[in-house]
Amino acid sequence: MTRIFLESLRKGRLSRAVKASSAGPEYEKAGQELRALIARHFGRSLQIREVDAGSCGACESEIISACNPIYDIQRFGVDFAASPRHADALLVTGPVTRNMETALLRTYEAMSGPKFVITCGDCALDGGAFKDSYYCAGGAGALLPVAAHVPGCPPHPMALVEALLRLLDRLNTEGQPKM
Amino acid sequence: MLRLLRDREGVSPVSFRLNAGDEAHLEVRPGDFRKACLFAHNVSGAPVSTLFAEDQRAERRRFFIRCVFCLRQERIWLVVSAGLDPEAPEYDSLANDIFSAALFEREADEMFGLKRRGAFDDRPLRLHPEVWPEGFHPLRKDFRHPGPRGQAGRDYAFRRVEGEGVFEVPVGPVHAGIIGPGHFRFSAAGEPVLNLEIRLGFTHRGAEKLFEGRTAAEALAFSELVDGEAAFAHSLAFSDAVEKICGVKTPEEHLLARGILLELERMYNHAGDLGGLATDVGFGFPAACAAALKEDLLALNGKLAGSRYLKGFNRLGGTCGLTVPMLDEIEAALASALKDFSGIMNILYGSASFMDRVEETGVLPQKTAAELGVSGPAARASGIAWDMREFSPLYRRAGFRPARQAQGDVLARLRVRAAEFEESARLARGFSTALRTAPRSGPVSVEPVEGCALGCAESWRGPVLCWVRLGRDGRVERCKVTDPSFLGWEGLAQAVPGNIIPDFPLCNKSFNLSYPGNDL
């Protein structure tokens, strides 16, 4: 134990300073607003269950980016739940392929209310470039009630924060989102 | 070779021609197709690179089945084709002799309705029988949609492992993390996994059908959506095919710019994989460092291409171009990335508990990898030092050497990625220096003409192949995309048995294959 302690003293700080410029002041500002809204509506945190319903993988990569040490969306009270049972919101990516319809519906049904659906990326809104496919429903809206959309191909982490802000802001004025 | 084929196998070709510089097209009678493919397989010692069908009933009154082998020494693609009957297309299955053909044959069966004689697996692949009725083949030109969604009422037959104490663990398609959908069925007895069956197709979006009818420029933009994490490599494979069809020679400036971006794509993904492996053993600190490194590289991409995933930068006949200030930025970012990278590797290699988890875990033997046709970093970690970048004069001039490890375990795959990360940084820096003095010009204008060609780019997962046929109006008639993941998934399924289920995430991440690239 002493050896490990001395060793870590000798090595000093291994991490590097996070560059303030990488996430930007707008991101910080939006994030703090989001944090206040989440505290008001959800107590401590907003738990999101993410489901890939046929995305190209870029949306997933950007959602993961939102959790990296630069954007670190968790500090604003947003986290990604491993089970739909623990989730407040369902974040859907991809144009909803035929093979994913059942899995998507079952995930939604497994969530306890109140719950709402957010679409992430252009494909999830209306099918995007895959709108005319023989195998796509053309977005999550064809199967589920959608409360908010995160635009982009793929959406930047900032777009995710902004979309959550807009949604929760609407909660402020309208009460419950459509279910 | 043709003489050998005639004398030894008794196969006389219907036609033989050279196409687009590095392709040899051999057409044989349908009855000779299997023989000719076996001959090519034995001569080249190579697995099937891709096998696909084309519906040319309108132009040539035939379905065509084409099987592509890579003759590595000669740097030539050998395309063996046979025209099949338009009413009842049927051919002899290759899969009993060349295993790497098996998945491709199942694909051609469900997409075109090409029947195989003697096939050992006739299950559909991507069109799940639960939701898709029989007899509807989407890539036929006269395909009609079966109608709105609903249950088709058929089930998929998994392989069953039976015996005392054997139990099944089904996982997916929805997983606990932020990750693509796939179904993994483990059969285990006690702790070790006896069998893993991977069922995919959940992200099947019908991409190949959507290519058809687009202009070459529209299709180029669409190719970036096939696999978002390898968007640039997919776009490069497509533009390569179109440029080969049109006989366009891309200027040096743009070849260098493409080289830089291809390596940057490899770097951000390999950085993400280092972090992923650390996450999967619960080693948070290097995982966070790797996430920050990946973010730096994504931010650099955003500055260069206007897209963090390098979309929209590649053009037919060139690129959007890189300016001198951009090159400065690239070189500075590369230096900083290498520094961060060596820090992360020191932490990983210096941790006894991390090394204990990755050593001798998920071993893929070289023979298995070769027979399955596994490619990319996974193959290179199993002793198959093959990398399509060696085909490129640009990379050969830069002194490129593929990475290689022999053990085939998770650690070997990590080491291959680490070596490739450093090599990519070196190559990108070299390209950047060369680009400073290269003569500047805009992209060459490309007038799409009728024809076909095979495009190729070595993505961070392995070679992406893109067979493109342009029609008389310059629009895409057929685009067959082959992602390295397509054959790679079976490699994962073979590497897992003998390991315990908790090591599966680690094995999976060390391959890190693509769901959308596989499912199309």
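Domain bounds in this report come from an automatic or database domain assignment.

## Model and numbering

This is a predicted model, in which local features need pLDDT of at least 70 and side-chain atom pairs count only at pLDDT 80 or more, while totals for chains, interfaces and linings use all residues. Residues are numbered from 1 along each chain as its sequence is written, and chains are lettered from A and ligands numbered from 1 in the order in which they are written.

## Two domains in chain B

Chain B is divided into domain 1, residues 2-117, and domain 2, residues 207-519, and the C-alpha centres of these two domains of chain B lie 28 Å apart. Their contact, where two residues count as touching if their C-beta atoms, placed from the backbone, lie within 7 Å, takes 17 residues from domain 1 of chain B and 18 residues from domain 2 of chain B.

On the side of domain 1 of chain B that touches domain 2 of chain B, the largest share, three residues, comes from strand S3 (residues 50-56) of chain B. Helices (H or I, at least four residues) and strands (E, at least two) are DSSP runs numbered from the N terminus. By class, this side of domain 1 of chain B has eight nonpolar, five polar and four charged residues, where Ala, Val, Leu, Ile, Met, Phe, Trp, Tyr, Cys and Pro count as nonpolar, Asp, Glu, Lys and Arg as charged, and the others, Gly among them, as polar.

## The interface between the chains

The contact between the chains takes 40 residues from chain B and 39 residues from chain A. On the side of chain B that touches chain A, the largest share, seven residues, comes from H9(B), and the residues of this side divide into 24 nonpolar, ten polar and six charged.

## Backbone details

Most residues other than glycine have a negative phi, and most peptide bonds are trans. The peptide bond from A:Gly113 to A:Pro114, however, is cis, with omega near -10 degrees, and A:Pro114 lies in the loop between helix H5 (101-110) and strand S4 (116-120) of chain A. In chain B, the peptide bond from B:Gly172 to B:Pro173 is cis, with omega near 15 degrees.

A:Asp72 has a positive phi near 40 degrees and counts as partly exposed because 18 C-beta neighbours lie inside 10 Å, the class between buried (20 or more other C-beta atoms within 10 Å of its own) and exposed (12 or fewer), with C-beta atoms placed from the backbone. B:Arg75 has a positive phi near 55 degrees and is exposed, with 11 other C-beta atoms within 10 Å.
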